[in-house]
Amino acid sequence: MDVPTDVLVKILLLLSPICRRRLRLVCRLWRDLVHERTPKIQIAPARPLIETVYPRAYIVDDVQGRGGCTPLWTTGHDEAYTAMQLVGSCNGLLCLCDNHRPGGAITLVNPATGEALGLPPIPGAGRLRRPKTGWHHAYGFAYHSVTGQYKIVRASSDEDKVQVFALGEASSWRDVPAPDGRCRLDAGVVGLDGAAYWVALSEKGAERIMSLDLEDCSVASIESPPEPIRHLAEVRGKLAAVISDGVMAHEKIQVWILEGEGMERSWNHRYSVQLPRRGLQEHPLPRPGQRLARPHLGHGMSTILTHGTWLGDVLVLYEHTPTSSPCMH
(Lines give C-alpha, C1' and ligand atoms only; values in the text may rest on other atoms or scores of the structure.)
Protein backbone atom coordinates (compact mmCIF):
# COMPACT_ATOMS: atom_id res chain seq x y z
CA MET A 1 0.00 0.00 0.00
CA ASP A 2 1.40 3.38 -1.01
CA VAL A 3 1.59 6.02 1.73
CA PRO A 4 1.08 9.64 0.63
CA THR A 5 4.30 11.62 0.83
CA ASP A 6 2.89 14.24 3.22
CA VAL A 7 1.72 11.50 5.60
CA LEU A 8 5.14 9.82 5.47
CA VAL A 9 6.82 13.13 6.30
CA LYS A 10 4.54 13.59 9.34
CA ILE A 11 5.48 10.11 10.54
CA LEU A 12 9.18 10.83 10.08
CA LEU A 13 8.85 14.04 12.09
CA LEU A 14 7.53 12.03 15.05
CA LEU A 15 10.75 10.02 15.19
CA SER A 16 14.02 10.97 16.86
CA PRO A 17 16.74 12.53 14.65
CA ILE A 18 18.98 9.48 15.12
CA CYS A 19 16.18 7.14 14.04
CA ARG A 20 15.52 9.28 10.95
CA ARG A 21 19.18 9.07 10.00
CA ARG A 22 18.98 5.28 10.03
CA LEU A 23 15.80 5.29 7.92
CA ARG A 24 17.64 7.11 5.14
CA LEU A 25 19.04 3.70 4.22
CA VAL A 26 15.59 2.24 3.36
CA CYS A 27 15.36 3.69 -0.15
CA ARG A 28 16.11 6.78 -2.23
CA LEU A 29 12.68 8.35 -1.52
CA TRP A 30 13.10 8.08 2.23
CA ARG A 31 16.64 9.42 2.01
CA ASP A 32 15.45 12.47 0.04
CA LEU A 33 12.54 13.12 2.42
CA VAL A 34 14.81 12.97 5.48
CA HIS A 35 17.31 15.32 3.82
CA GLU A 36 14.86 17.83 2.39
CA ARG A 37 11.79 17.86 4.65
CA THR A 38 12.98 17.11 8.19
CA PRO A 39 15.19 19.19 10.49
CA LYS A 40 18.90 18.45 10.42
CA ILE A 41 20.61 17.17 13.54
CA GLN A 42 22.25 20.00 15.44
CA ILE A 43 25.56 18.73 16.76
CA ALA A 44 27.56 20.85 19.15
CA PRO A 45 31.24 21.25 18.23
CA ALA A 46 33.26 18.51 19.89
CA ARG A 47 35.71 19.70 22.52
CA PRO A 48 39.22 18.21 22.38
CA LEU A 49 40.01 15.33 24.70
CA ILE A 50 43.51 14.97 26.17
CA GLU A 51 44.95 11.98 28.00
CA THR A 52 48.04 12.35 30.17
CA VAL A 53 50.56 9.62 30.93
CA TYR A 54 49.35 9.02 34.51
CA PRO A 55 46.65 8.36 33.10
CA ARG A 56 43.98 11.03 33.33
CA ALA A 57 41.60 12.46 30.74
CA TYR A 58 40.63 16.13 30.38
CA ILE A 59 38.19 18.04 28.19
CA VAL A 60 39.66 21.28 26.82
CA ASP A 61 37.14 24.06 27.48
CA ASP A 62 38.74 27.30 26.33
CA VAL A 63 42.47 27.90 26.10
CA GLN A 64 42.38 31.49 24.85
CA GLY A 65 39.74 32.49 27.38
CA ARG A 66 41.79 30.77 30.08
CA GLY A 67 38.86 28.49 30.80
CA GLY A 68 41.35 25.66 31.07
CA CYS A 69 40.47 21.99 31.22
CA THR A 70 37.78 19.97 32.93
CA PRO A 71 38.88 16.65 34.47
CA LEU A 72 36.82 13.89 32.86
CA TRP A 73 38.32 10.69 34.20
CA THR A 74 41.20 9.44 36.32
CA THR A 75 42.31 6.03 37.56
CA GLY A 76 41.73 7.33 41.08
CA HIS A 77 37.95 7.43 40.58
CA ASP A 78 37.58 3.72 41.31
CA GLU A 79 39.93 0.91 42.34
CA ALA A 80 38.62 -1.16 39.42
CA TYR A 81 40.16 1.39 37.01
CA THR A 82 43.71 1.50 38.40
CA ALA A 83 45.18 -0.41 35.43
CA MET A 84 42.98 1.27 32.82
CA GLN A 85 44.21 3.31 29.85
CA LEU A 86 42.01 5.46 27.65
CA VAL A 87 41.36 4.05 24.17
CA GLY A 88 39.09 6.84 22.92
CA SER A 89 35.87 8.79 23.38
CA CYS A 90 32.69 9.14 21.32
CA ASN A 91 29.69 11.32 22.21
CA GLY A 92 30.63 11.45 25.88
CA LEU A 93 31.34 7.72 26.25
CA LEU A 94 34.83 6.59 27.25
CA CYS A 95 36.43 3.37 26.06
CA LEU A 96 38.95 2.04 28.58
CA CYS A 97 41.39 -0.85 28.35
CA ASP A 98 42.66 -2.85 31.34
CA ASN A 99 46.33 -3.51 30.55
CA HIS A 100 46.61 -6.03 33.39
CA ARG A 101 44.13 -8.43 31.77
CA PRO A 102 45.22 -10.78 28.96
CA GLY A 103 44.38 -9.22 25.61
CA GLY A 104 43.34 -5.97 27.29
CA ALA A 105 39.81 -6.09 28.76
CA ILE A 106 37.56 -3.34 27.36
CA THR A 107 35.08 -1.34 29.45
CA LEU A 108 32.78 1.45 28.22
CA VAL A 109 32.05 4.16 30.78
CA ASN A 110 29.59 7.05 30.87
CA PRO A 111 31.24 9.60 33.23
CA ALA A 112 28.01 11.61 33.48
CA THR A 113 25.97 8.72 34.92
CA GLY A 114 28.70 6.46 36.28
CA GLU A 115 27.39 3.53 34.23
CA ALA A 116 29.92 1.00 32.95
CA LEU A 117 29.70 -1.90 30.50
CA GLY A 118 32.36 -4.58 30.29
CA LEU A 119 32.86 -6.28 26.92
CA PRO A 120 33.59 -9.99 26.59
CA PRO A 121 37.28 -10.82 26.11
CA ILE A 122 38.62 -11.31 22.61
CA PRO A 123 38.87 -14.99 21.58
CA GLY A 124 42.12 -16.61 22.66
CA ALA A 125 43.13 -13.63 24.83
CA GLY A 126 45.08 -15.85 27.20
CA ARG A 127 47.41 -17.01 24.42
CA LEU A 128 48.37 -13.52 23.25
CA ARG A 129 51.73 -11.97 24.05
CA ARG A 130 51.50 -8.58 25.75
CA PRO A 131 53.01 -5.83 23.56
CA LYS A 132 55.61 -3.49 25.08
CA THR A 133 53.38 -0.48 24.43
CA GLY A 134 50.43 -2.01 26.32
CA TRP A 135 47.24 -3.59 25.05
CA HIS A 136 45.39 -0.26 24.73
CA HIS A 137 47.34 0.82 21.63
CA ALA A 138 45.81 -2.10 19.70
CA TYR A 139 42.25 -0.81 20.18
CA GLY A 140 40.18 1.94 18.60
CA PHE A 141 36.71 3.29 19.50
CA ALA A 142 34.52 4.74 16.76
CA TYR A 143 30.97 5.84 15.96
CA HIS A 144 29.17 5.60 12.62
CA SER A 145 26.76 8.54 12.32
CA VAL A 146 24.54 6.95 9.65
CA THR A 147 23.93 3.61 11.35
CA GLY A 148 24.20 5.05 14.86
CA GLN A 149 26.49 2.20 15.87
CA TYR A 150 29.45 2.26 18.22
CA LYS A 151 32.22 -0.18 17.33
CA ILE A 152 35.41 -1.24 19.07
CA VAL A 153 38.21 -2.32 16.75
CA ARG A 154 41.27 -4.37 17.72
CA ALA A 155 44.17 -4.48 15.26
CA SER A 156 46.61 -7.37 15.39
CA SER A 157 50.40 -7.13 15.19
CA ASP A 158 50.94 -10.80 14.37
CA GLU A 159 47.90 -11.81 12.28
CA ASP A 160 46.39 -10.46 9.05
CA LYS A 161 43.04 -9.59 10.62
CA VAL A 162 41.20 -7.10 12.78
CA GLN A 163 38.54 -7.90 15.37
CA VAL A 164 35.36 -5.86 15.63
CA PHE A 165 32.72 -5.62 18.36
CA ALA A 166 29.46 -3.83 17.45
CA LEU A 167 27.82 -2.43 20.57
CA GLY A 168 24.17 -3.45 20.90
CA GLU A 169 24.31 -5.84 17.95
CA ALA A 170 26.71 -8.64 18.77
CA SER A 171 27.63 -10.62 21.85
CA SER A 172 31.04 -11.61 20.50
CA TRP A 173 33.97 -10.29 18.51
CA ARG A 174 33.97 -10.67 14.73
CA ASP A 175 37.12 -11.46 12.75
CA VAL A 176 37.65 -9.35 9.62
CA PRO A 177 40.45 -10.35 7.20
CA ALA A 178 43.07 -7.63 6.71
CA PRO A 179 45.64 -8.83 4.15
CA ASP A 180 49.07 -7.32 4.84
CA GLY A 181 47.44 -5.28 7.60
CA ARG A 182 49.51 -6.23 10.64
CA CYS A 183 49.41 -3.25 12.98
CA ARG A 184 52.38 -1.28 14.25
CA LEU A 185 50.88 -0.95 17.71
CA ASP A 186 52.87 2.05 18.93
CA ALA A 187 51.22 4.17 16.21
CA GLY A 188 47.76 3.52 17.66
CA VAL A 189 44.31 2.96 16.15
CA VAL A 190 42.21 6.06 15.37
CA GLY A 191 38.46 5.99 14.76
CA LEU A 192 36.79 8.90 12.96
CA ASP A 193 34.31 9.72 10.20
CA GLY A 194 32.91 6.20 9.96
CA ALA A 195 36.25 4.39 9.74
CA ALA A 196 39.14 3.10 11.83
CA TYR A 197 42.77 3.65 10.80
CA TRP A 198 46.08 2.06 11.77
CA VAL A 199 49.67 1.85 10.48
CA ALA A 200 50.69 -1.51 9.00
CA LEU A 201 54.16 -2.82 8.27
CA SER A 202 54.94 -5.07 5.31
CA GLU A 203 57.39 -7.97 5.59
CA LYS A 204 60.03 -5.67 4.10
CA GLY A 205 59.32 -2.97 6.70
CA ALA A 206 57.42 -0.56 4.43
CA GLU A 207 54.70 1.49 6.13
CA ARG A 208 51.18 1.98 4.89
CA ILE A 209 47.95 3.16 6.47
CA MET A 210 45.01 0.76 6.60
CA SER A 211 41.35 1.70 6.96
CA LEU A 212 38.32 -0.28 8.10
CA ASP A 213 34.91 0.95 6.91
CA LEU A 214 32.64 0.69 9.96
CA GLU A 215 29.49 0.15 7.88
CA ASP A 216 30.46 -2.85 5.74
CA CYS A 217 33.73 -3.84 7.53
CA SER A 218 35.76 -3.63 4.31
CA VAL A 219 39.52 -3.12 4.68
CA ALA A 220 41.61 -1.00 2.31
CA SER A 221 44.97 0.75 2.27
CA ILE A 222 45.43 4.46 1.70
CA GLU A 223 48.41 6.54 0.68
CA SER A 224 50.84 7.37 3.47
CA PRO A 225 52.75 10.62 4.08
CA PRO A 226 56.22 10.79 2.52
CA GLU A 227 58.02 10.28 5.86
CA PRO A 228 57.89 7.57 8.57
CA ILE A 229 54.96 7.98 10.97
CA ARG A 230 55.38 8.23 14.71
CA HIS A 231 51.67 7.85 15.47
CA LEU A 232 48.20 8.66 14.11
CA ALA A 233 45.86 11.24 15.65
CA GLU A 234 42.78 13.35 14.97
CA VAL A 235 42.76 17.05 14.12
CA ARG A 236 39.26 18.58 13.99
CA GLY A 237 37.64 15.46 12.57
CA LYS A 238 40.42 14.65 10.09
CA LEU A 239 43.06 11.94 10.15
CA ALA A 240 46.52 13.23 11.09
CA ALA A 241 49.95 11.61 10.94
CA VAL A 242 52.58 12.78 13.44
CA ILE A 243 56.20 12.64 12.30
CA SER A 244 59.21 13.18 14.58
CA ASP A 245 62.89 13.84 13.89
CA GLY A 246 63.73 11.70 16.95
CA VAL A 247 65.93 14.32 18.67
CA MET A 248 65.07 14.03 22.36
CA ALA A 249 66.52 17.35 23.57
CA HIS A 250 64.47 19.54 21.21
CA GLU A 251 62.17 17.27 19.28
CA LYS A 252 60.79 18.66 16.03
CA ILE A 253 57.29 17.44 15.23
CA GLN A 254 55.54 17.61 11.87
CA VAL A 255 51.79 17.08 11.55
CA TRP A 256 50.37 15.98 8.19
CA ILE A 257 46.60 16.00 7.65
CA LEU A 258 44.60 13.90 5.18
CA GLU A 259 42.34 16.35 3.34
CA GLY A 260 39.85 16.15 0.49
CA GLU A 261 37.28 13.51 -0.48
CA GLY A 262 37.45 10.15 -2.25
CA MET A 263 40.09 9.93 -4.95
CA GLU A 264 40.99 13.59 -4.36
CA ARG A 265 42.32 12.97 -0.85
CA SER A 266 45.93 13.92 -0.23
CA TRP A 267 48.33 14.50 2.67
CA ASN A 268 49.24 18.10 3.45
CA HIS A 269 51.93 19.26 5.86
CA ARG A 270 50.10 21.74 8.11
CA TYR A 271 52.14 22.14 11.31
CA SER A 272 55.72 22.09 12.56
CA VAL A 273 56.29 22.34 16.30
CA GLN A 274 59.52 22.36 18.33
CA LEU A 275 59.02 20.56 21.63
CA PRO A 276 61.56 21.34 24.37
CA ARG A 277 61.85 18.41 26.75
CA ARG A 278 63.22 20.34 29.70
CA GLY A 279 64.25 23.91 30.23
CA LEU A 280 63.86 27.07 32.29
CA GLN A 281 61.14 29.65 32.10
CA GLU A 282 61.62 33.29 33.18
CA HIS A 283 61.15 32.15 36.78
CA PRO A 284 63.38 29.51 38.43
CA LEU A 285 60.73 26.75 38.50
CA PRO A 286 61.40 23.90 36.06
CA ARG A 287 59.44 23.83 32.84
CA PRO A 288 57.66 20.53 32.20
CA GLY A 289 58.53 18.49 29.14
CA GLN A 290 55.99 18.81 26.36
CA ARG A 291 54.23 16.20 24.25
CA LEU A 292 51.54 16.43 21.60
CA ALA A 293 48.01 16.12 22.90
CA ARG A 294 46.39 12.74 22.26
CA PRO A 295 43.97 11.60 20.99
CA HIS A 296 42.85 15.06 19.76
CA LEU A 297 45.53 17.48 18.55
CA GLY A 298 43.38 20.33 17.29
CA HIS A 299 41.66 23.17 19.13
CA GLY A 300 39.61 25.95 17.56
CA MET A 301 39.92 26.60 13.86
CA SER A 302 43.66 26.41 13.36
CA THR A 303 45.64 25.71 16.53
CA ILE A 304 47.09 22.50 17.93
CA LEU A 305 47.84 21.61 21.53
CA THR A 306 50.74 20.21 23.51
CA HIS A 307 50.81 19.50 27.22
CA GLY A 308 53.09 18.69 30.09
CA THR A 309 52.72 17.82 33.77
CA TRP A 310 54.31 20.09 36.34
CA LEU A 311 55.48 18.82 39.74
CA GLY A 312 53.95 15.44 38.94
CA ASP A 313 50.33 16.55 39.19
CA VAL A 314 49.46 19.90 37.54
CA LEU A 315 48.47 19.81 33.87
CA VAL A 316 50.12 22.55 31.80
CA LEU A 317 48.55 23.21 28.40
CA TYR A 318 50.30 24.96 25.48
CA GLU A 319 48.55 26.35 22.43
CA HIS A 320 50.46 26.62 19.13
CA THR A 321 49.02 29.16 16.70
CA PRO A 322 49.83 29.33 12.98
CA THR A 323 52.29 31.88 11.64
CA SER A 324 52.13 30.93 7.98
CA SER A 325 50.26 28.74 5.51
CA PRO A 326 50.12 25.94 4.56
CA CYS A 327 52.86 24.95 7.02
CA MET A 328 52.14 26.27 10.53
CA HIS A 329 54.41 26.63 13.55
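Keep in mind that the model is predicted. There are four aromatic pairs and nine salt bridges to work with, and some of them are picked out below.

**Aromatic rings**
- F141 and Y150 are stacked, because their ring centres sit 5.9 Å apart with the planes at 20 degrees, and under 30 degrees counts as stacked.
- Both of these residues, F141 and Y150, are buried.
- Elsewhere, Y139, F165 and W173 come together as one aromatic cluster.

**Helix 1 and its surroundings**
- Helix 1 covers residues 5-13, and L8, V9 and L12 are buried there.
- Looking down the axis of helix 1, the buried residues stay within an arc of 100 degrees, so they line one face of the helix.
- V3, V7 and I11 make a nonpolar surface patch of about 230 Å².
- V3 sits in the segment before helix 1 and is partly exposed, at 43% relative accessibility.

**Salt bridges**
- R182 pairs with D160, with the closest N and O atoms 3.1 Å apart.
- R182 is in the loop between strand 11 and strand 12, while D160 is in the loop between strand 9 and strand 10, so this pair ties together parts 22 residues apart in sequence.
- Both ends are partly exposed: R182 at 37% and D160 at 36%.
- E159 bridges to K161 at 3.8 Å between the closest N and O atoms, and E159, K161 and D175 are linked in a network of salt bridges.
- E159 is partly exposed at 33%, whereas K161 is buried at 18%.
- D186 and R184 form a salt bridge with closest N and O atoms 2.8 Å apart; D186 is partly exposed at 35%, but R184 is buried at 13%.

How values were computed
Residues numbered from 1 in each chain as written. Predicted model: local features only at pLDDT ≥ 70, side-chain atom pairs only at ≥ 80, totals over all residues. Heavy atoms only, no water. Phe/Tyr/Trp six-rings, centres within 6.5 Å; stacked < 30°, edge-to-face > 60°. Buried < 20%, exposed > 50% of the residue type's maximum accessible area, 1.4 Å probe, protein only. Helix = DSSP H or I, 4+ residues; strand = E, 2+ residues; numbered from the N terminus. Arc of directions from axis to C-beta. Patch = residues over 30% accessible without salt bridge, like charges linked within 9 Å, V, L, I, M, F, W, Y side chains within 5 Å. Areas by Shrake-Rupley, 256 points an atom, 1.4 Å probe, with all protein chains shown as cover. Salt bridge = Lys/Arg side-chain N within 4 Å of Asp/Glu carboxyl O.
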